[in-house]
Amino acid sequence: MDDIAGRRVLIVDDEAFIRALLRRCLARLGVGEIREAGNGKAGLAELQGFAPELVLCDLNMPGMDGIEFLRLLAATAPDLPTLIVSGEDKRTLDGALRLAKGYGLASVGVLAKPIEPERLIQAIARLRPTLPSESRAAMAFAPTAAEFASALAGGQISAVYQPKMEVASGKTSSVECLARWTHPEHGPVSPGVFVPLAETHGLVDDLTEAVMRTAAREMAPVFDAHAGLRCAVNFSFDTLGRRDGFDWAAGVIESSGFPPERLIVEVTESRLGEDDRRTLETLARLRMKRARVSLDDFGTGYASLARLEALPIDELKIARGFVAGAADAPAKRAILESAVALAKRLELVSVAEGVESLSDLETARAAGIDLAQGYLIARPMPASALLAWLAGGAK
């Protein structure tokens, strides 16, 4: 994460000695304020008035253990950077990390005890950056469906774009469009908050349409300048699985002016059910319109191999949890290699999500990955910055 100096940090650990050790290490880094809690329940209580910008959390604690704490923390503050600090064995630590990411924590890492100051600094540095205002907003602001509907109507939804790089050539072949909501009073609102809100309250079609229109307008000059570049937009299974799913999607694509041959329709594996014939029909018909289809977060859902073969998809995006840190995690690396091999056998483009370090990139490259996406390649950026970034040498 960004410079930790001046930040507020919460330490959740049942051992007073460990809390004192962490406090001393953090004090040397110039941390602004440190608070402590002896278990998960006390840690959650500290969140209310303290609004920390970093949490250090043990796993094996009395009362409320670290796993339950992480689940509840994700529901309260999904963007709050969190470092699991534990003496449990590596398999347990890897499992806890996967669970934390599965719960929705966007910025989470692991540090195995015993604690060494240099390793602590490195572990904190590897956390994905989250601005303090985002953390506070996520904790203090719980928007209603009416507020989000008003945001849609008021044009508060914007878009940013994250490049996907061809590992072999270094060429940028596509970008992913990501929705953003900046509330006029509360600032940035996490997509982990407003996307489920949209899906639950029947606003996801309006969100998709708003993003499509924004992407069509903003990407037009990018498409003109970069022949062959594609842009991925997320579509909800709830929409695609409707009886009129194809008609609605095709209508939005056409009315927005988005060239279908430059579109990648991105859907999430975890939402794929066992009997989604209408969804599969919609995807197949969109492919006939020359759009491509990408299956996002592969490895987090339940698609069987036989079902995967039958899906009308072009691209397999391997979930961040199997990419970030895979160089030092044999189980992750094995899953990554197997997923890439599967994509090749099915003649699909493979994408590694969450590439955030050179070791992540090299591990994905060794596995045979086609495309890499993540903070190491580029952070999500506005379309104007994307044009400049592409012109600056990322072909």
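1. Let's start with Asp 205: with a relative accessibility of 16%, Asp 205 falls under the 20% cut-off and therefore counts as buried. Bear in mind that this is a predicted model. The residue sits in helix H9, which spans residues 204–225. If you skip the neighbours within four places in sequence, Asp 205 is in contact with Thr 239, Arg 242 and Trp 248.

2. Next, the sheet. It is open, built from 5 strands in the order E2-E1-E3-E4-E5, and the pairing is parallel. Strand E2 (33–37) and strand E5 (108–112) are at the edges with a single partner strand each, so one side of each has no neighbour in the sheet. From one strand to the next, the twist averages 20 degrees.

3. Looking inside the sheet, strand E1 (residues 8–12) pairs with strand E3 (residues 54–57) in the parallel sense, over 4 bridges. Val 9 has Leu 54 of E3 as its bridge partner.

4. Two helices to check against the sheet. Helix H1 (residues 16–28) lies across E1, E2 and E3 and runs at about 170 degrees to E2. Helix H5 (residues 117–126) lies across E3, strand E4 (82–86) and E5, at about 165 degrees to E5.

5. Last, a helix pair: H14 (residues 330–345) packs on H15 (residues 358–367) at about 45 degrees, axes 9 Å apart, so the two are oblique to each other. The crossing of H14 past H15 is right-handed. Arg 333, Leu 336, Glu 337 and Val 340 of H14 make the contact with Thr 363, Ala 364 and Ala 367 of H15. Sorted by class, that's 4 nonpolar, 1 polar and 2 charged residues.

Technical notes: Residues are numbered from 1 along each chain as its sequence is written. This is a predicted model: local features need pLDDT of at least 70, side-chain atom pairs count only at pLDDT 80 or more; totals for chains, interfaces and linings use all residues. Side-chain values use heavy atoms; hydrogens and water are left out. Axes are lines fitted to C-alpha atoms, for helices over the stretch in contact, and angles run from 0 to 180 degrees between N-to-C directions. Angles under 35 degrees count as roughly parallel, over 145 as roughly antiparallel, 65 to 115 as roughly perpendicular and the rest as oblique. A crossing is left-handed if the near helix is turned anticlockwise from the far one by less than a right angle, and right-handed if clockwise. Contact means heavy atoms within 4.5 Å. Ala, Val, Leu, Ile, Met, Phe, Trp, Tyr, Cys and Pro count as nonpolar, Asp, Glu, Lys and Arg as charged, and the others, Gly among them, as polar. Buried means under 20% relative accessible area, exposed over 50%, partly exposed in between (1.4 Å probe, protein chains only). Two strands pair if DSSP finds at least two bridges between them.
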